[in-house]
Every structure is written in structure tokens, then in C-alpha cells.
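Here are my notes on this one, jotted down as numbered points. Have the model open while you read.

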Amino acid sequence: MTNHGFSAINPPLQDRDMLPNAKDLLARHSLDILDAIPEGVFVTNLEGITLYVNRMYEQLTGLSRHQVLGRQVRTLVEEGVFDVALNPEVVRKSKTVTHTQRLRNGKMLVLTGTPVFDESGALRLVITFARDITRISQLNEQISEQKQLIEQTNEQMAYMAREQSLTTTPVFASKVMRETLSFLQTMAKTDATLLILGETGVGKDVFARYVHGQSQRCDKVMMKVDCGSISESLVESEMFGYMAGAFTGASSKGKAGYFELAKGSTIFLDEIGEMPLTMQTRLLRVLQDGEIMRIGGNKPVKVDARIIAATNRDLVSSIEEGKFRQDLFYRLNVATVKIPPLRERRADIPLLAETFLRQYSLRYHKQIAFMDITLETLTHYHWPGNVRELENLVHSLVITHEGPLIAPADLPPSIHGKKTETAEDYKEFLQGERSLKEIMAEIESDFLNRAIRHHGSVQQVARIFKINRSTIFRKINKK
Ligand SMILES: Nc1ncnc2c1ncn2[C@@H]1O[C@H](COP(=O)(O)OP(=O)(O)OP(=O)(O)O)[C@@H](O)[C@H]1O
């Protein structure tokens, strides 16, 4: 359709094109024809006075002809009969205009107002067609509600998938971690609040998951809340949820908070040391009462979630600085475990490094191994970023390394340059308690042992270092 509505149906019918008497017949029955149209028809003059409405219009709107005929559309809008009138815009623009209109009876119409011109091209009337889209708009609303539900479900599924993929079985070889794990296993069977302390990257997350995975609540997904990253203005509604219409912008259905979502499961409050003080007060109340209340609600909901909290902060210092509530600390400090930094459990380093190497090699379809001496170098580094730093290093080595073996020189200088312990080893020799011959024999024997571990056999070492196998055995046993 062009901008000029009826006049644009080109060329207009001429009298000569019509059957004899057709024009008269049509003119006589023009109102019957309009009444037969299955859409509402509403005709106004240029001043917006209603000249005609058809039957379908009466049916759609529930308005009778006498209620609207002869009335100004603007007045009808003012009286709230409907909320929009097309007439003024059609007259102003002299072209077809479409809008939706809501009626007092709640119906939604889509209106198409079209200008009608006479033979001389002068605008004479505006004819508006009205179609009922109440059902369509109801369906649209339902679709958008369904869409919202699907989005929520997708979000939850993505969260669950993420959590699932993160479930790592802790890797350890050290005595201290064996003891830690055994304590956590005992704790897992209880519902006691657990506080996990430790430097960044030591694996607090991994151990929280471990405890949840070993608990009776393990068939439900653990709810992890990063207390440090929720904005202060949202933290309350995120934690405790809100009732429908609790505040502007609140969802019309209300929303459950983390504590409710964690029903029957575990809620892991990570970075608890970063929680704002106001929220700490609220959390304390939850721990004391075992109940939460949604924002805008008046019915307390029982909390059925096991609480695990973790932080890399020294909470005692935070209390002294006034940043953490002492009473909350006492509440949380029921069963506390401190995960030692990696430098205090060096026995875990080779096993962790090899585990990460295996995982990432598999992911990137590579076949790479550490030389023994590389593992030893890794073991001597102080790992300020703990397991996370080790994992990241191995990840980047797998991506960037060419060739089957990772040598110490492939490590960043900050790591292989740190192997000062070898110099420490010489301290003992420097005391002068043993002869040079004895010292050299020990160094030789150590070196050969490493070479055998590294190359896999005495035969290989003999070939590479051009030495007899029997000499190797003799030198090894001489130490
Ligand atoms: N014992 C372990 N076995 C296997 N992987 C581990 C172990 N400890 C840590 N990791 C891995 O190291 C990375 C860091 O661990 P995690 O996120 O649990 O540390 P965190 O102590 O929670 O750190 P932050 O304090 O920064 O939150 C993770 O990718 C985790 O999978």
C-alpha cells in the first residue's frame, strides 16, 4: 500500500469501467458493504467527528453507534473510551498510519487509519480499520513470560554445568594434606558450619566442593556465592530474595535468594572477608535464627542449607580493623580448616604439576612430559599464587611448548632462576669435612641417578654419556 491510501489504488475506477447501474447499486448499499467487512470500520471527517462505525466495530468495542456518532475522537480519548486516536495524525500526514489502541474494556486493537481523497485529490475523510489483537497480545505476553522462564532455566542449567565441570577431586601427596582431607571427610558427614582459610589459590574452592560432594547433600548442586563481587546494593536481594513488587524494577513474580535456592544443599560463601558490614549483620541473624525473610515479605522461611565460608583474609586482623564482626567470626569459626600454602607442602607439587600436565595435554591433544629435573625445579619454587599459579603455568607451557620434554630452561626465569637450593646443598660440602674425591663421587652418583630416571634406562645413559653400564653401576653404588 502506498502512502496515499484509497486514492493510491491506481488508476481509480472510472465511470466508464463500471457495469451499468453498478455505481448506483454500490452507492445505495455502501453502508451494507461496510457492515459486511469483518473488521471494525470507523469513519471520521477532517475535524475528527465520527461519521460512521460498522457493526463489527460495535461488536469489538462494545460501544453502540449512538455513543460515538457525531462525537469528536479527541473527546472520546479524553473520556477514556480509548487511549489513542489516529485521525489527527492521518490528516496531518495525509498518509496511512498504524497504531495499537487499548479500549476501556481491556481489548487491544490494531488500527490502520487511511486518508480518503476526492477526484481533485483533496483529503475528505479518514477511514480507520480496527482488528482485535487482544488474543495475540495475550499470547505475546505468555510467550515473553515463557521466554523469561526459559532464560532462567538456561541460566540455572549453565550454572549447574559450570559447577559440574568444576568438581575437582583434590590431588595431594603430602602428609599435611592427607590429614586435612581426613578432617574434611569427617566434617562432611556433619551439617556443621565450616570455615576454610588459606592464601589465594590454595584450593579453598576445591575443598569446599569436596566437602559438599562427600556430604549427604551431594545430590543437589552447591550454591556458590562470591561475596566480594555482588554489588552492595544488590547483595540483600541476591542473598534473601524479594516478594513480588517489593521495589521498583522487582520482577512481578518475586525472586528466591541464594539461601532459598540452596535448600537441601550447601551454600558456599566465598570471600566472606569481603562481605559488607551491613550484610554481615544480616548473615549473623540468619545463622542465629536459622531463618530468612525475603525483602518485602512478612513470613520467615526456614534455612535448610549447610554453610561453608572461605576467605584468604586474616579475619582476626579484619576484626581489629573494624571490617569484620567478631560475633559473626565466632559463629563461623565452629569448624575451621587452614589449607597450607603450596610452599609448605612441597610433596604435592610434582603430583599436581603432572596432573595438570596430563589434563591440559589431553585437552590440547599434545604429548608432553616433564624432565625430572624440571619437576625438581618446580618443587623448589615458592609459589606465591599457590596451586592456581602452578596450574596456570602448566596450562601455558602446554599451549606454547614445542617438543616432547619440558626442561627447566622452558620455565620462566623467575622459577628456574630460583633454584638456589642447589647452592645451599654445597654449603655442606664447603664445610671441608669430606675429601674432594668423596664429594665428586656423591655428585657423580646423584647425577647418574637423575639421568637414569630421566632417560628411563641405564643402557640409554651409558650410550648418551659414552660410559660403560658396569661403570655406571659402580659409580652409583659408590656413594
Ligand atoms: N588439591 C588440588 N587438586 C587439584 N586442583 C587443585 C587443588 N588445589 C587447587 N586446585 C586448582 O587450583 C585452582 C585454584 O584453586 P581454588 O580456586 O580452589 O583456590 P582458592 O583458594 O579458592 O582461591 P581464591 O582464594 O583466590 O578464591 C583451581 O583451578 C583448582 O582447581
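1. Start with the ligand: domain 2 (167-340) and domain 3 (343-419) each give at least three residues to the shell around the ligand. Those domain bounds come from an automatic or database domain assignment. Keep in mind that this is a predicted model, where local features need pLDDT of at least 70, side-chain atom pairs count only at pLDDT 80 or more, and totals for chains, interfaces and linings use all residues. Residues are numbered from 1 along each chain as its sequence is written.

2. The shell holds 16 residues, and Thr200, Gly203, Lys204, Asp205 and Val387 come nearest to the ligand (a residue is near if its C-beta atom, placed from the backbone, lies within 6 Å). Helix H9 (204-214) and helix H17 (386-400) are the elements that give two or more residues to this shell; helices are DSSP runs of H or I, at least four residues, numbered from the N terminus.

3. Now the largest nonpolar core, with 55 residues: Ile267, Ile308, Ala353 and Leu390 touch the most other members. A nonpolar core is a set of buried Ala, Val, Leu, Ile, Met, Phe, Trp, Tyr and Cys residues joined through C-beta atoms within 7 Å, and buried means 20 or more other C-beta atoms within 10 Å of the residue's own. This core, too, takes at least three residues from each of domain 2 (167-340) and domain 3 (343-419).

4. There is also a second, separate core of 16 residues, including Phe42, Val53, Leu109 and Ala130.

5. Overall, 23% of the protein's 479 residues count as buried.

How values were computed:
A residue is buried if 20 or more other C-beta atoms lie within 10 Å of its own, exposed if 12 or fewer, and partly exposed in between; C-beta atoms are placed from the backbone.
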